[in-house]
Amino acid sequence: MDIKEIQLKDLDPEAFIKDQVASISEAVGDGLAVNALSGGVDSSVVTLLGHRALGERLKTYFIENGLMREGEPQHIVDLFAEMGVKVEIVDAKDQFFGALKGVTDPEEKRDKGITNVFYKDVFGKLVKDCGANVLLQGTNYTDVEETLAGVKRQHNILEQLGIDTEAAYGYKVLEPIVQLRKPAVREVGKAVGLPEELFSRPPFPGPALAARVIGEVTPERTALVRAATTIVESELCDSGAFQYLAILHEDKVTGLRDGKRDFGHQIEVRCWESTDAVTGEPTDVPFTKLRTIADRIIAEVSGVVSVTYNIAPKPPSCIEAV
Ligand code: XMP
């Protein structure tokens, strides 16, 4: 890889911030830049670096793709408002669900359903409309590494795959944190002034809940995994785990409800111990906690008859299902 990793032990967060702010200022010049904030650690750090460099000349958008967690868009907008950063919500639900319609292959979902709509349709238009020439994004070292290794196509890898973003989408892409892995990104987040709720958040994937719906991603199927995610997050937020999530399976299974046969959905729960998402071990969640999660999902998420817990490590499993 051409990119040189800055390991956590070698990171001087203040010097890093200073360097990146200077690079962003230089690259954007007197122009404008845009960035997408998802509320994850990476995009939150990039938003603050960009605002430090450009102030009002950075336009920050929250793309409501219909795949976010419950209440997430407004919560993130409110948190950034407290830091003096204005974030505009862009409703792109129909564009994303339109592109995801009928798509079941995982890589096609990431490529056609997420990457293409995000960079070409949504950002192509936003960048053009506001007259910006640069997109800032929070690609990190692991994203590039996994994509180049052929593990999976991370939604945000472009230039490293030979995509000329200026020719393909009409703007340049800057990646201020591409030399860092997650623990180092968190340190920079802390130093640049993010609240702890943001810099210590569990990771959340760029393709959002689409990475957790096996098979076709429809608004209805996304709503099921969203409801299960709310329960899993509320039950495991004190676990100290690296990441915890719910997955909706494609196959339905036979169950029994109110004395009658029920053919219903399967939700898989995952909870990971990891430092950088490169490898992971399933957390030893107490069985009583797993039962509480299962009972709540069955009672609160309509049509679910099966709840399982993934006990395979990464590799060969992955953190996300898609
Ligand atoms: P996997 O599923 O590859 O995930 O074991 C490793 C870490 O990366 C997150 N993830 C993504 N993050 N864009 C992202 O920004 C993506 O396309 C993407 N896919 C997975 C995942 O949540 C985990 O933390």
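Student: Is A277 buried or exposed?

Tutor: This is a predicted model, and in it A277 is buried, because its relative accessible area is 19% and buried means under 20%.

Student: Switching topic: which peptide bonds are cis around P315?

Tutor: The bond from K314 to P315 is cis, with omega near -15°, and a cis bond also joins P315 and P316, with omega about 10°. P315 lies in the segment after β10 (304–309), and P316 is found in the segment after β10 as well.

Student: OK, how many residues are in the largest nonpolar core?

Tutor: It has 85 residues, and those with the most contacts inside it are I63, F80, F123 and I297. Helix α5 (residues 106–130) gives the largest share of this core, eight residues.

Student: What does I63 touch?

Tutor: Leaving aside neighbours within four places in sequence, I63 is in contact with residues including A36, L37, V90, F118 and F123. Apart from that core lies another of six residues, among them F242, L245, W272 and I319.

Student: Which residues form a nonpolar patch on the surface?

Tutor: M1, L148 and L161 do, with about 260 Å² of accessible area together. L148 lies in helix α6 (residues 141–148) and counts as partly exposed at 40% relative accessibility.

Key: Residues numbered from 1 in each chain as written. Predicted model: local features only at pLDDT ≥ 70, side-chain atom pairs only at ≥ 80, totals over all residues. Heavy atoms only, no water. Patch = residues over 30% accessible without salt bridge, like charges linked within 9 Å, V, L, I, M, F, W, Y side chains within 5 Å. Areas by Shrake-Rupley, 256 points an atom, 1.4 Å probe, with all protein chains shown as cover. Salt bridge = Lys/Arg side-chain N within 4 Å of Asp/Glu carboxyl O. Helix = DSSP H or I, 4+ residues; strand = E, 2+ residues; numbered from the N terminus. Buried < 20%, exposed > 50% of the residue type's maximum accessible area, 1.4 Å probe, protein only. Core = buried A, V, L, I, M, F, W, Y, C linked by side-chain atoms within 4.5 Å. Contact = heavy atoms within 4.5 Å.
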